[in-house]
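Trainee: Could we go through the side-chain contacts in this one together? I would like to begin with the charged pairs and then move on to the rings.

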Amino acid sequence: MPQAIAETLFDIAYLVLVITAGVRMWRGGRGGSLVRRFGVMAALLGAGDAFHLLPRVYALWSGGVDAHAAALGVGKLVTSITMTVFYVILYYIWRERYHIKGEKHWTAAMWALAALRGALCLLPQNRWLDPRPPLAFGILRNLPFAAIGVLIIVLFAREIKKSGDPAFRWMPLAVALSFAFYLPVVLWAERVPAIGMLMIPKTLCYVWIVGMGWKLYKQA
């Protein structure tokens, strides 16, 4: 019961926060296209995570997660796709923020990795509806996702070093920490369920990223 209460409060607060912030940035008419991109990215983040978190909240109060494996699996699939799109949008925020012209090889790499990630997520071998899906495919589909994360970290770090951008100075760290908390969950959470608690700081890293866009919105 304490776990159900704590997770429910955290998940609902998180979803309300990022979706509300996303819609306001998207529709607020302040900060130009950069802030609107942040708004779309944040709203997509919340909407995608809702497909997993809301069924999880329901499961915690009605029989446990194993009794609702199919609904949770579909939610994980949706979240996997939307998180990929999240980083594609963040890539275009990088291009706009730093006025990147050319360098289309990075665009090609981003879209290739995103397409590969999406294709791997859609393979039936993932067995999303099973209570215990195979670890091998969990690792496989996250390899291009991790590569996307590395690409985003390197690109932002490069431009921040050149410009000293104070607004996004912590972006590389926020992205790096989100993956540092997420990857152990992929690798070991099935065997050591307590590792799943790392999803809380991982989620807070995404709130941190959204907060950087919110700060630009409020300053506009």
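Trainee: Which side chain meets R132 in a salt bridge?

Mentor: That partner is E190, and the N to O distance in the salt bridge is 3.7 Å. Bear in mind that this is a predicted model, although the mean pLDDT of the protein is 94 and 100% of its residues reach 70 or more.

Trainee: What parts does the pair of R132 and E190 tie together?

Mentor: R132 lies in the loop between α4 and α5, whereas E190 lies in the loop between α6 and α7 (199-219), so the pair ties together parts that are 58 residues apart in sequence. R132 is partly exposed, with a relative accessible area of 48%, and E190 is also partly exposed, at 47%.

Trainee: And how many salt bridges does the structure hold?

Mentor: It holds eight. One of them joins the side chains of R56 and E7, at 2.8 Å from N to O; since R56 lies in helix α2 and E7 in helix α1, that pair ties together parts 49 residues apart in sequence. R56 counts as partly exposed at 23% relative accessibility, while E7 is buried, with a relative accessible area of 15%. Another salt bridge is the one between D130 and R127, at 2.6 Å from N to O.

Trainee: Switching to aromatics, how many pairs does a search of the whole structure find?

Mentor: The search finds 13 aromatic pairs. Among them are F38 and F168, whose ring centres are 5.7 Å apart and whose planes are at 50°, so the pair is tilted. F38 lies in helix α2 (residues 32-60) and F168 in the loop between α5 (135-163) and α6 (171-188), so parts 130 residues apart in sequence are tied together by this pair.

Trainee: Is F168 buried or exposed?

Mentor: F168 counts as buried, at 0% relative accessibility, and F38 counts as buried too, at 1%. The ring of F168 also has the charged end of R97 sitting over it, 5.0 Å from its centre.

Trainee: Which residues do ring pairs link into a cluster?

Mentor: The cluster consists of F86, Y87, F145, F179, Y182 and Y206. Over the ring of F145 sits the charged end of R117, 4.2 Å from the ring centre.

Trainee: Last topic: how many disulfides does a search of the whole structure find?

Mentor: The search finds zero disulfides. As for the cysteines, C121 is buried, with a relative accessible area of 0%, and C205 counts as buried at 5% relative accessibility.

Note on methods
Residues are numbered from 1 along each chain as its sequence is written. This is a predicted model: local features need pLDDT of at least 70, side-chain atom pairs count only at pLDDT 80 or more; totals for chains, interfaces and linings use all residues. Side-chain values use heavy atoms; hydrogens and water are left out. Rings of Phe, Tyr and Trp (its six-membered ring) pair if their centres lie within 6.5 Å; planes under 30 degrees apart count as stacked, over 60 as edge-to-face and the rest as tilted. Helices (H or I, at least four residues) and strands (E, at least two) are DSSP runs, numbered from the N terminus. Buried means under 20% relative accessible area, exposed over 50%, partly exposed in between (1.4 Å probe, protein chains only). A charge sits over a ring if NZ of Lys or CZ of Arg is within 6 Å of the ring centre and within 35 degrees of the ring normal. A disulfide is a pair of cysteine sulfur atoms within 2.5 Å. pLDDT is the predictor's confidence in each residue, from 0 to 100. A salt bridge is a side-chain nitrogen of Lys or Arg within 4 Å of a carboxyl oxygen of Asp or Glu.
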